[in-house]
Amino acid sequence: MQQRRRSRVFLGAVVAGLWGAFGVLPGAQAGTVTVLTSFPKELTTAYQKAFEAQNPGVKLEILNKNTTAAIAYVRELAEGQRPDVMWASAPDAFEVLARNKLLAPAPETVNKSAPAKIGNYPLNDPHGLYYGQALAGYGIMWNTRYLQAHKLAAPKEWSDLTRPEYFGHIAISSPSRSGTTQLTVETILQGEGWDKGWSQLLAMMGNAAAVTDRSFAVPDGVNNGQYGIGIVIDFFGLAGKYSGYPVDFAYPSMTAVVPANIGLIAGGKNPDEAKKFMAFSMSAAGQQLLFDPKISRLPILPYNLLKAPAGYPVPQDVAKRAKVQFDANLSEARYQVVTSLFDQMVTFRLKELQAATKAIQDAEKALKAKPNAQGSALVRQARDVAYAPLVGADNVKNEEFLELFRKNRRDVAVSKQLTGLEQLWATKARDNYERATKLASDARALAK
């Protein structure tokens, strides 16, 4: 018996010594890095394989959530139970995490060969809490065969998408469900200004065939010819193009180039090895993966350090042409207002918006053939009613108004107040579209 006890003690000491030698204790999370991301499987799988091959014994666990859900997920978890890395396109999402003290600095992961700015936009957070890992711009993709079959010209500017010939040919995802779409919508609002931006967006959305639940559904639909045109972040269009689909992509002049970011989550399970992954993603090897046709993203490193495909967009060149200097703080401040307004005016009222837009377009066509001053006045009025934002520019500068949308919706009083406001918006949007449809129909009647 004594011999057996001595053997068990010896065996326990050997096992403990082995655990200690590798720096791991039973039940600890060392060896697994959990990455919270909104990025598609094509990208995450490529990075997972490359990183694990370079770091034997370290496993990369991918937790895929849309950006809004990812923020909520991190906020709800206790310290020590959170994922290790946040990796997403939306800079304002990282501002939210930083403000809530949910990011930790990791300056040793930054690649010093990357530029400090892309255009006038800082690559990394000035406070050192998150870092640019790739670059992205916002634009339009289209299926070349679809446009040829429907005898449509390729759109180049956002304003092109308001033209009547594109009615029923456009797809977009909901910004409340897609961080990349929220950035696209915000870019238009910042570039055109609040009132003009919403007017243009609503006229564009009147031509929409669909508002999808997830951002991936738009490029997939354009790639397979379900939709002719998609409003997307650049890597969706470029990935389709370089993967051999009959699609192309253009950056409108009213666009922006901003970093897709990576950051260390405070209170994660495995910060040391998480930093290894962050450093790898910004290394030359990690940046080269961005040129994979299925990924097709813009790298942060200069092209003289990489092997870029011929004709691939150069980020600094795109940034020089872009007219919008994106303000992440402004975007973050009004994020919930913008996404909620879009849902109430577009996502949940698409049929009514489509009907108003078609009535306006039909009236304008009839009045062009047979001009009528009263009819022209009515159709202008219809446009003003249909394409006016439900919240004015002054309201979104009101801190008290914005603060309401930042409050926790789990609070019964807050939830009731916000729900009531959104129902009011939904009713007003429906009434506006019905009124615009009637005005446009009356205008058309005068052209007969």
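Select Asn143 to begin: with a relative accessibility of 3%, Asn143 is buried (under 20% relative accessible area; exposed is over 50%, partly exposed in between, with a 1.4 Å probe and protein chains only). This is a predicted model, where local features need pLDDT of at least 70, side-chain atom pairs count only at pLDDT 80 or more, and totals for chains, interfaces and linings use all residues. Residues are numbered from 1 along each chain as its sequence is written, and side-chain values use heavy atoms, with hydrogens and water left out.

**Around Asn143.** Asn143 belongs to strand 7. Strands (E, at least two residues) and helices (H or I, at least four) are DSSP runs, numbered from the N terminus. Now show Tyr146. Its backbone nitrogen lies 3.0 Å from the side chain of Asn143. Next, show the contacts of Asn143 (heavy atoms within 4.5 Å). Beyond its neighbours within four places in sequence, they include Val222, Asn224, Tyr227 and Pro246.

**Strand 10.** Select residues 229-233. Look for Met141, which stands opposite Gly230 of strand 10. Then bring in strand 8. Strand 8 pairs with strand 10 in the parallel sense, over 2 bridges. Here Ile170 has Ile229 of strand 10 as its bridge partner.

**Two loop residues.** Most residues other than glycine have a negative phi. Go to Lys151, in the loop between helix 5 (144-149) and strand 8 (170-173). Lys151 is not a glycine, yet its phi is positive, about 55°. Lys151 is exposed, at 78% relative accessible area. Jump to Ser296, in the loop between helix 11 (284-288) and strand 13 (298-299). Ser296 is not a glycine either, and its phi is positive at about 50°. Is Ser296 buried or exposed? Ser296 is buried, at 0% relative accessibility.

**Helices 17 and 18.** Finish with residues 399-406 and 412-445. These are helix 17 and helix 18, packed at an angle of about 110° with axes 10 Å apart. Axes are lines fitted to C-alpha atoms over the stretch in contact, and angles run from 0 to 180 degrees between N-to-C directions. The two helices are therefore roughly perpendicular, a label for angles of 65 to 115 degrees. Show side chains at the crossing. Phe401, Leu404 and Phe405 of helix 17 meet Val414, Gln417, Leu418, Leu421 and Trp425 of helix 18.

Technical notes
Pairing = 2+ DSSP bridges. Polar contact = N/O pair within 3.5 Å; in protein donor to acceptor, adjacent residues only side chain to side chain. Parallel < 35°, antiparallel > 145°, perpendicular 65-115°, else oblique.
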